[in-house]
Amino acid sequence: AQATTSAIDSIQAKLTAGATTPDPGRFREKRQENTAAPTSAPTPKPVAKPTSCEDFSTKYKELIDMAAKVSDENIAQIKVYVDALIDADVETLCDAAERSTLAGETKAKAEEAVKSTKDYTGEKETKVEELKRKSMKILQSKIVLMRSLKREMKPLFQLLPKLMPFQPTTPKAGEEKTPEGTPPAGGKTPEGTPPADGKTPEGTPPADGENSRRHSTS
């Protein structure tokens with residue numbers, strides 16, 4: 001919409017540059033030839049760059065008629081008109097008299113179109129700012145919620161180690177495990193269990209009493 005406002009201002013400036021007061025009769029005649037703006041459509045129709053003063057005049061009037069009633073439905077079509085007219089050399093297409101006449105014919109409608117497009121732009125900017133504010137509020141609320149959850153969950157995290165199942169501990173420093181088949185320190189074995197090398201400490205009968213029988217026999 002801002003581009004439309006600038007385009008209309010630029011075209012009006014070119015039309016009024018060095019313009020003289022148009023002939024009233026010619027002005028009335030041209031007003032009668034003016035046609036209504038085309039019905040807006042969701043899909044914009046293509047608009048060719050004007051190749052004559054009459055072509056430029058027709059398309060410019062259609063542009064300002066639509067811009068005076070700018071809306072979400074016709075803004076795309078307005079842009080197509082702007083793109084076609086903004087680079088047109090109206091000073092070459094129209095002589096001084098034709099430009100003066102067109103300026104008089106379109107002055108009031110152009111002012112209305114400029115006002116409408118500025119209002120439309122302002123409303124859009126207001127909506128964008130409102131959406132930004134709402135987004136910031138939502139973001140701030142999420143941040144506050146996350147911080148609150150973190151504070152409330154901290155005691156649970158501290159309690160988790162106590163709730164974990166018992167884990168076997170590793171031997172402490174200095175403690176040794178006896179490998180299988182190796183007599184423990186001191187030469188003692190559990191009662192009734194022969195030592196790994198089949199020998200017993202001197203003076204100690206084996207668990208099965210074999211040495212006792214030998215002594216009896218002898």
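Me: Thanks! Where is Thr-121 found?
Reply: Thr-121 is found in helix 6, which covers residues 96–163. One thing to keep in mind as we go: this is a predicted model.

Me: Is Thr-121 buried or exposed, and why?
Reply: Thr-121 has a relative accessible area of 12%. The cut-off for buried is under 20%, so Thr-121 counts as buried.

Me: And what does the side chain of Thr-121 reach?
Reply: The side chain of Thr-121 reaches the backbone oxygen of Thr-117, at 2.9 Å.

Me: Let's zoom out. How many helices and strands are there in the protein?
Reply: The protein has 7 helices and 0 strands. Read from the N terminus on, the elements run α-α-α-α-α-α-α.

Me: What percentage of the residues count as buried?
Reply: Of the 218 residues, 22% count as buried.

Me: And what about contacts between residues at least 6 apart in sequence: what percentage join residues at least 24 apart?
Reply: That figure is 81% of those contacts.

Me: Then what are the values for helix 1 and helix 4?
Reply: Helix 1 (residues 2–16) and helix 4 (residues 75–85) pack at an angle of about 40°, and their axes are 10 Å apart. Helix 1 and helix 4 are therefore oblique to each other. The crossing of helix 1 past helix 4 is left-handed.

Me: Which residues meet there?
Reply: From helix 1 you have Ala-3, Thr-4, Ala-7 and Ile-11, and they meet Ile-78, Val-82 and Leu-85 in helix 4. By class, the residues of this contact divide into 6 nonpolar, 1 polar and no charged.

Me: How does helix 1 pack with helix 3?
Reply: Helix 1 and helix 3 (residues 53–67) pack at an angle of about 140°, with axes 11 Å apart. That makes helix 1 oblique to helix 3. Helix 1 passes helix 3 in a left-handed crossing.

Me: Who makes that contact?
Reply: On the helix 1 side, the contact is made by Thr-4, Ile-8, Ile-11, Gln-12 and Leu-15. On the helix 3 side, the residues are Phe-56, Tyr-60, Leu-63, Ile-64 and Ala-67. In the contact of helix 1 with helix 3, the residues are 8 nonpolar, 2 polar and no charged.

Me: I spotted Gln-12 in that list. Is Gln-12 buried or exposed?
Reply: Gln-12, which is found in helix 1, counts as buried because its relative accessibility is 12%.

Me: What does Gln-12 touch?
Reply: Leaving out residues up to four places away in sequence, Gln-12 touches Tyr-60, Ala-103, Thr-106, Lys-107 and Ala-110. With Tyr-60 there is also a polar contact of 2.5 Å that joins the two side chains.

Me: Nice. What about helix 3 and helix 4: at what angle do they cross?
Reply: The axes of helix 3 and helix 4 cross at roughly 145° and come within 10 Å. Helix 3 passes helix 4 in a left-handed crossing. Among the residues making the contact are Phe-56, Lys-59 and Glu-62 of helix 3 and Gln-77, Tyr-81 and Leu-85 of helix 4. Sorted by class, the contact of helix 3 with helix 4 has 9 nonpolar, 1 polar and 2 charged residues.

Me: Changing topic: where is Ala-48?
Reply: Ala-48 is in the loop between helix 2 (24–33) and helix 3. Not counting residues up to four places away in sequence, Ala-48 touches Lys-59 and Ala-84. The C-alpha atoms of Ala-48 and Asp-83 are separated by 9.2 Å, and these two residues are 35 residues apart along the chain.

Me: Last one, Tyr-120. Which side chain does its side chain make a polar contact with?
Reply: The side chain of Tyr-120 makes a polar contact with the side chain of Asp-72, at 2.5 Å. Tyr-120 lies in helix 6 and is buried, with a relative accessible area of 11%. Tyr-120 and Gln-2 are 118 residues apart along the chain, and their C-alpha atoms are separated by 9.1 Å.

Definitions and conventions. Residues are numbered from 1 along each chain as its sequence is written. This is a predicted model: local features need pLDDT of at least 70, side-chain atom pairs count only at pLDDT 80 or more; totals for chains, interfaces and linings use all residues. Side-chain values use heavy atoms; hydrogens and water are left out. Axes are lines fitted to C-alpha atoms, for helices over the stretch in contact, and angles run from 0 to 180 degrees between N-to-C directions. Helices (H or I, at least four residues) and strands (E, at least two) are DSSP runs, numbered from the N terminus. Angles under 35 degrees count as roughly parallel, over 145 as roughly antiparallel, 65 to 115 as roughly perpendicular and the rest as oblique. A crossing is left-handed if the near helix is turned anticlockwise from the far one by less than a right angle, and right-handed if clockwise. Contact means heavy atoms within 4.5 Å. Ala, Val, Leu, Ile, Met, Phe, Trp, Tyr, Cys and Pro count as nonpolar, Asp, Glu, Lys and Arg as charged, and the others, Gly among them, as polar. Buried means under 20% relative accessible area, exposed over 50%, partly exposed in between (1.4 Å probe, protein chains only). A polar contact is a pair of N or O atoms within 3.5 Å; within protein, one must be able to donate a hydrogen and the other to accept it, and residues adjacent in sequence count only if both atoms are side-chain atoms.
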